[in-house]
Amino acid sequence: MLTITDLEKVYPTGDKALQGVSMEVDGNEVVSIIGPSGAGKSTLIKCVNRLTEPTSGSIVLDGEELTTLSKKELRKTRRDMGMIFQEFNLIERLTVMENVLSGRLGYMGSWDAFRRNFDDEDVQNAYEILDRVGVGGMENKRVDELSGGQRQRVGIARAILQRPKILLVDEPTSALDPETSFEVMEMLTEIAREEDIPVLINIHEVELALDYTDRIVGLTDGEVVFNGTPAELDENA
Ligand code: ADP
Ligand code: ADP
């Protein structure tokens, strides 16, 4: 479970990206963050994985305060956070299998270096998860041979294989066409629920938030202006 309390982020430029943000992600809940461009959605996700440093406030994941972790502790804790990005963040020149395994083990600079660090069970699990996300049989293809939708599926497989405590997802579909976006969102939320992994997802298309998430947090100018179910959002609109 993730609990965010009174989170504030002021960038060095003076931009107040978040102020007084409090919210939770429970159990295997899929929570989406929506709001206009510049509302602070991406900053919120980046504060949780500490790609950006929060200015003040608290972020607790399964009892662990994230805002005060040292660099070393952070590296360990990030293994517990599955991250899925808009631009996929895969290593283009490596194969699908290599990319998927790199999430679980951390990329070690060369395939030979990390080949020694996983066992048959890791590989077996990777085959299974690739099948489930719909790219079975593509294990040995290089990522730069794949379509956008296939790349995002590989990104999701990599994150799931980490067995994370939470999935942090930043605009997973904004580089995809509408039909592929629906397929990817459906697959992502289905697997997360099956695996009991809570999801915090920053999503551009309100339609996808309404269709596939349990709760929606609306941000405007860095503040929470809505926190409720898709049905409640529909009533308000
Ligand atoms: P969203 O994801 O909702 O579009 P962002 O979190 O990207 O919003 O941005 C929130 C605010 O913070 C905006 O005013 C944006 O200009 C500002 N901002 C984002 N990243 C930076 C940065 N690295 N440096 C300075 N200001 C930033
Ligand atoms: P800031 O704290 O102002 O965002 P950073 O140096 O932390 O500055 O990051 C600059 C940009 O690079 C950020 O917008 C962040 O999204 C991106 N970034 C940094 N590290 C990573 C990473 N490991 N994976 C993906 N994006 C990253």
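User: In this predicted model, which residues is Thr-77 in contact with, leaving aside its neighbours within four places in sequence?
Analyst: With neighbours within four places in sequence left aside, the contacts of Thr-77 in this predicted model are Glu-64, Leu-66 and Leu-69. Thr-77 itself is found in helix H2, which covers residues 71-78.

User: Is Thr-77 buried or exposed?
Analyst: A residue counts as buried when its relative accessible area is under 20%. Thr-77 has a relative accessible area of 4%. Because this value falls under the cut-off, Thr-77 is classed as buried.

User: Which helix gives the most to the shell around ligand 1?
Analyst: The shell around ligand 1 includes Lys-41, Ser-42 and Thr-43. Three residues of the shell come from the helix that spans residues 41-48. The helix that gives the most is H1.

User: Which oxygen or nitrogen contacts does ligand 1 make, and what percentage of its accessible area does the protein cover?
Analyst: A nitrogen atom of ligand 1 lies 3.4 Å from a polar side-chain atom of Tyr-11. Oxygen atoms of the ligand are involved in two further contacts: one at 2.8 Å from a polar side-chain atom of Lys-41, and one at 2.8 Å from a polar backbone atom of Ser-42.

User: How do the residues of the shell around ligand 1 divide into nonpolar, polar and charged?
Analyst: Among the residues that surround ligand 1 are Ala-17, Pro-36, Ser-37, Gly-38 and Asp-15. Gly counts as polar in this grouping. The shell divides into four nonpolar, six polar and two charged residues.

User: Why is helix H1 described as largely enclosed by the rest of the structure?
Analyst: The buried residues of H1 are Lys-41, Thr-43, Leu-44, Ile-45, Cys-47 and Val-48. The helix is largely enclosed because, of its eight residues, the number buried is six.

User: How many Å apart are Ser-42 and Asp-170 in space, C-alpha to C-alpha?
Analyst: In sequence, 128 residues separate Ser-42 and Asp-170. Not counting residues up to four places away, Ser-42 touches Asp-170 and also Asn-202. From C-alpha to C-alpha, the distance between Ser-42 and Asp-170 is 6.6 Å.

User: Which residues surround ligand 2, and what percentage of its area does the protein bury?
Analyst: The residues around ligand 2 are Tyr-11, Lys-46, Leu-51, Thr-52 and Asn-89. A backbone N or O atom of Leu-51 lies 2.6 Å from an oxygen atom of the ligand, and a side-chain N or O atom of Lys-46 is 2.9 Å from an oxygen atom of ligand 2. Asn-89 places a polar side-chain atom 3.5 Å from a nitrogen atom of ligand 2. Taken alone, ligand 2 exposes 540 Å², of which the protein buries 40%.

User: Which residues have the most contacts inside the largest nonpolar core?
Analyst: The largest nonpolar core has 43 residues. Among the elements that each supply at least two residues of this core are strand S3 (30-34), helix H3 (96-105) and helix H7 (178-194). The residues with the most contacts inside it are Val-100, Ile-156, Leu-167, Leu-188 and Ile-201.

User: Where is Ser-181, and which residues is it in contact with, leaving aside neighbours within four places in sequence?
Analyst: Ser-181 has its place in helix H7. With a relative accessible area of 2%, Ser-181 is buried. Leaving aside neighbours within four places in sequence, its contacts are Thr-173, Leu-176, Glu-205 and Leu-208.

User: Is Asp-221 buried or exposed?
Analyst: Asp-221 has its place in the loop between strand S9 (215-220) and strand S10 (223-228). Its phi is near 45°, a positive value in a residue other than glycine. At 56% relative accessibility, Asp-221 counts as exposed.

Terms used
Residues are numbered from 1 along each chain as its sequence is written. Chains are lettered from A and ligands numbered from 1 in the order in which they are written. This is a predicted model: local features need pLDDT of at least 70, side-chain atom pairs count only at pLDDT 80 or more; totals for chains, interfaces and linings use all residues. Side-chain values use heavy atoms; hydrogens and water are left out. A residue is near a molecule or strand if one of its heavy atoms lies within 4 Å of it. A polar contact is a pair of N or O atoms within 3.5 Å; within protein, one must be able to donate a hydrogen and the other to accept it, and residues adjacent in sequence count only if both atoms are side-chain atoms. Accessible areas come from the Shrake-Rupley method with a 1.4 Å probe; for residues, only the protein chains shown count as cover. Buried means under 20% relative accessible area, exposed over 50%, partly exposed in between (1.4 Å probe, protein chains only). Contact means heavy atoms within 4.5 Å. A nonpolar core is a set of buried Ala, Val, Leu, Ile, Met, Phe, Trp, Tyr and Cys residues joined through side-chain atoms within 4.5 Å.
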